[in-house]
Number of protein chains: 2
Amino acid sequence: MSTARQMSLGLSMRYHGYHVAAWRHPDYVPGCNVDFSAYRDVARHAEAEKLDMIFFADGVAVRGTDTPEGALSHDMKNAELEPLTLLSAIAACTSDIGLVATASTTYNEPYHVARKYASLDHISGGRAGWNVVTSWSDQEALNFNRTENLAREERYARAAEFVDVVKGLWRSWEADAFTHDKAGGQFYDPAKLHVLNHKGPFFQVRGPLNSCRTPQGEPVIVQAGASNQGRDIAARHAHVVYSVSQTVEHAREFYADLKARAAGMGRTGAAPLIMPGITLYVGATQEEAQAKFDTLQALIDPLAGLALLYTFCGDLSGHDVDGPVPFDALPQGGIISIGAGLLAEAKAGNLTIRQLYERVAAGFTGRFLIGTPESIVDDMQMWFETGAADGFNICPPMLAQGMQDMSDYILPELRRRGLFRTDYPGTTLRETLGLA
Amino acid sequence: MSTARQMSLGLSMRYHGYHVAAWRHPDYVPGCNVDFSAYRDVARHAEAEKLDMIFFADGVAVRGTDTPEGALSHDMKNAELEPLTLLSAIAACTSDIGLVATASTTYNEPYHVARKYASLDHISGGRAGWNVVTSWSDQEALNFNRTENLAREERYARAAEFVDVVKGLWRSWEADAFTHDKAGGQFYDPAKLHVLNHKGPFFQVRGPLNSCRTPQGEPVIVQAGASNQGRDIAARHAHVVYSVSQTVEHAREFYADLKARAAGMGRTGAAPLIMPGITLYVGATQEEAQAKFDTLQALIDPLAGLALLYTFCGDLSGHDVDGPVPFDALPQGGIISIGAGLLAEAKAGNLTIRQLYERVAAGFTGRFLIGTPESIVDDMQMWFETGAADGFNICPPMLAQGMQDMSDYILPELRRRGLFRTDYPGTTLRETLGLA
């Protein structure tokens with residue numbers, strides 16, 4: 001009945017819900033998107049349910065553009081809390097759940113990133129994780145003295161060096177470097193301090209980090225890049241990989257490729273763990289689940305819908321929303337590589353513009369499922385047991401309600417099948433992920 | 001008996017104690033310098049005693065050099081927690097006390113600083129403060145792609161523009177910009193969003209900040225620069241100024257100058273509040289206080305003592321520590337402007353090298369007092385009532401013990417004289433400081 005291998009589950013908490021119309025739902029509490037206590041309460045709920053980790057995606061700008069004109073003011077994705085401060089506050093109110101925050105290698109310096117995640121690892125007793133991103137939007141560039149984002153090649157070259165520097169800084173001090181020898185007057189053993197002295201094409205960083213070795217040794221590294229360069233960084237460094245796959249076939253290809261790349265770099269053990277993102281609409285019956293879905297979809301303002309498509313399709317406001325997607329007129333070379341699968345799906349299905357933005361709203365670029373606990377867990381189990389996933393990154397359409405659905409429906413069914421833990425195996429994120 | 005005007009009091013918490021030999025004291029718990037719970041407990045104590053704020057000084061490097069050779073390993077100032085993550089965690093465990101963290105304008109980008117302090121202000125319900133520093137050490141430069149620090153003129157020019165950008169970003173959204181109009185589908189009112197579009201010599205930052213207006217409107221600004229450029233930034237922006245004065249005459253000059261500069265810029269009201277740093281050695285009797293002082297001073301390793309002087313005097317290890325300070329051989333142009341007063345004091349007093357490093361150890365660059373509650377509060381009251389101070393930034397030689405001394409000795413005496421509050425007047429730092 002129960003299997004030795006169990007799923008990893010993360011809860012993605014940004015914006016207090018991912019659905020573009022979540023904030024219009026009667027149950028959404030206005031202002032919860034910037035309310036610390038609202039996030040804290042969901043984090044505690046996720047910890048009570050023994051989830052591996054909570055996660056904050058991030059960008060260093062209001063990424064939306066006001067195209068079509070007026071669209072931006074219909075979108076809740078303008079105001080948020082900063083992930084490292086927020087997770088540090090949550091760390092003080094929790095004891096076991098992993099805490100994963102995004103930071104960009106394009107618009108940060110490695111010393112700051114190394115230091116802040118080390119500090120979070122200390123504060124949380126070994127529960128910190130860094131989701132490494134390279135940032136994709138020009139809006140971010142405009143906040144950091146540039147007129148456009150770095151080109152992909154340069155972004156990834158910088159990212160690769162950035163991660164090396166951060167890991168080097170995390171290794172500045174051996175775990176037993178600080179001797180605290182009061183009688184002899186020696187605070188640390190000089191032989192156990194390693195000054196980095198990094199000099200590379202992007203960074204010159206002397207070190208050492210003004211911290212000591214963290215409870216996990218080094219915080220967990222998470223990565224989500226789907227491109228060739230992103231997969232290489234993930235294979236080399238990541239403990240967890242967030243993936244986006246529309247089909248189980250694509251997911252299996254990605255899974256096998258990542259595991260093979262990691263093995264090719266000499267890595268052994270379970271990492272990198274592959275956790276595709278999924279958005280769940282669940283009810284005791286299929287009808288109840290469908291009604292939850294339909295309620296949210298009916299609240300999508302067409303302007304907000306068109307803004308959702310802007311990144312992939314440009315401005316479609318000159319077209320009839322109930323007419324076909326003008327595939328031939330779309331800008332070439334999507335900004336986000338994960339947008340390609342979505343457009344292929346739209347083309348195959350002959351979707352109208354409205355149907356396409358409804359599709360994006362339902363699960364953003366990821367997969368969404370509408371069903372009963374049994375049907376959804378059947379699907380998750382199939383992915384988990386057929387080489388497509390080691391677990392899932394749950395991206396709820398509405399955060400508190402989505403976590404409640406996990407509690408009420410999904411986790412009991414997963415546990416009935418022995419697919420998810422009933423308690424934490426230790427206190428660090430590495431232990432929870434089975435990587436300690 | 002009680003006066004309308006009362007002191008502001010801050011507690012400076014870095015390193016869990018400022019004395020270079022604090023960690024060798026029998027009461028110092030090894031590892032408390034990187035232990036979140038140890039800081040949290042002192043913060044709660046400070047809040048129970050109604051202090052205005054806790055404060056973390058900061059630098060983005062191990063600032064000490066290993067000169068004389070081996071000195072660095074005798075110093076506890078190598079390992080610490082990062083202030084913004086630490087204060088965010090403390091925010092979740094407190095409800096009223098102000099939370100002030102240092103961030104450098106030389107080794108940061110304004111968008112990150114604006115965002116993180118805004119986030120801390122949200123998380124804490126309006127208790128965030130930013131201590132603006134320009135960073136003085138080459139060690140920091142070496143961690144950020146440079147070989148030496150920026151020259152003073154450039155540092156301060158950058159700082160002035162940096163603060164303008166941060167304040168502009170904090171004003172991106174009016175307080176009532178977010179309408180949350182579920183029925184109409186409008187999340188915010190476009191007329192209440194102000195895009196910064198800053199283009200200056202150091203920074204190009206478009207904005208807006210991806211936050212909403214914070215509980216305080218804008219976090220409190222703290223400054224500590226003693227130079228002419230530092231005073232100008234303080235006079236223009238600061239709500240609180242940390243000053244370093246060895247004599248009441250110097251303190252009065254500084255106080256009057258700052259207030260006059262602020263008035264000259266059209267500022268009215270109590271700010272900037274001037275809070276000189278002081279280090280207290282207090283006991284029920286003078287003998288008890290002196291014994292506390294002597295115990296710590298006796299624990300100073302000569303190498304650690306010489307390292308304390310390195311910043312001001314260069315490497316003095318070739319000289320007899322019990323011989324005179326070789327004033328004529330010292331490097332010209334002290335790195336820190338506040339070091340000048342200290343050297344003048346040493347020259348006037350004909351101090352030996354040992355006596356000078358003992359003087360620095362006792363109160364770093366600030367003033368220290370050894371006495372009974374009555375004698376110390378007499379001194380504080382005289383400064384407070386004769387135009388030298390609006391309050392004090394307490395820099396304890398040992399943190400937990402120093403806060404306990406405040407509780408046991410200083411605060412009861414201040415309250416007996418009506419010089420310090422018995423409860424918080426509100427919940428934000430601005431309210432606590434009397435600036436709301």
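In the predicted model, 70 residues from chain A and 70 residues from chain B take part in the contact between the two chains, where contact means heavy atoms within 4.5 Å. This is a predicted model, in which local features need pLDDT of at least 70, side-chain atom pairs count only at pLDDT 80 or more, and totals for chains, interfaces and linings use all residues. Residues are numbered from 1 along each chain as its sequence is written, chains are lettered from A and ligands numbered from 1 in the order in which they are written, and side-chain values use heavy atoms, with hydrogens and water left out.

The size of an interface is often given as the accessible area lost when the parts come together. Chain A and chain B bury about 6000 Å² between them, and 60% of this area is on carbon and sulfur atoms; buried area is the accessible area (1.4 Å probe) that two parts lose on being put together, summed over both. Four salt bridges are found across the interface of chain A and chain B, a salt bridge being a side-chain nitrogen of Lys or Arg within 4 Å of a carboxyl oxygen of Asp or Glu. One salt bridge joins the side chains of Lys116(B) and Glu82(A), at 3.5 Å from N to O.

On the side of chain A that touches chain B, at least two residues each are supplied by helix H2 (83–91), helix H3 (110–123), strand S5 (178–181), strand S6 (186–188) and strand S8 (204–205) of chain A. Helices (H or I, at least four residues) and strands (E, at least two) are DSSP runs, numbered from the N terminus. H3(A) gives the most to this side, with seven residues. By class, the side comprises 36 nonpolar, 23 polar and 11 charged residues; Ala, Val, Leu, Ile, Met, Phe, Trp, Tyr, Cys and Pro count as nonpolar, Asp, Glu, Lys and Arg as charged, and the others, Gly among them, as polar.

Within chain A, the axes of helix H9 (residues 302–313) and helix H11 (residues 353–363) come within 9 Å and cross at roughly 85°. Axes are lines fitted to C-alpha atoms, for helices over the stretch in contact, and angles run from 0 to 180 degrees between N-to-C directions. H9(A) and H11(A) are therefore roughly perpendicular; angles under 35 degrees count as roughly parallel, over 145 as roughly antiparallel, 65 to 115 as roughly perpendicular and the rest as oblique. Residues of this contact include Leu306(A) and Phe312(A) of H9(A) and Tyr357(A) of H11(A). The contact of H9(A) with H11(A) has 11 nonpolar residues, one polar and no charged.

Helix H5 (residues 152–170) of chain A packs with H6(A) at an angle of about 10°, their axes 10 Å apart, which makes H5(A) roughly parallel to H6(A). The residues of this contact divide into five nonpolar, three polar and four charged.

Over all chains, the whole structure holds 48 salt bridges, among them that of Glu253(A) with Arg231(A), at 3.3 Å from N to O. The peptide bond from Thr67(A) to Pro68(A) is cis, with omega near -5°.
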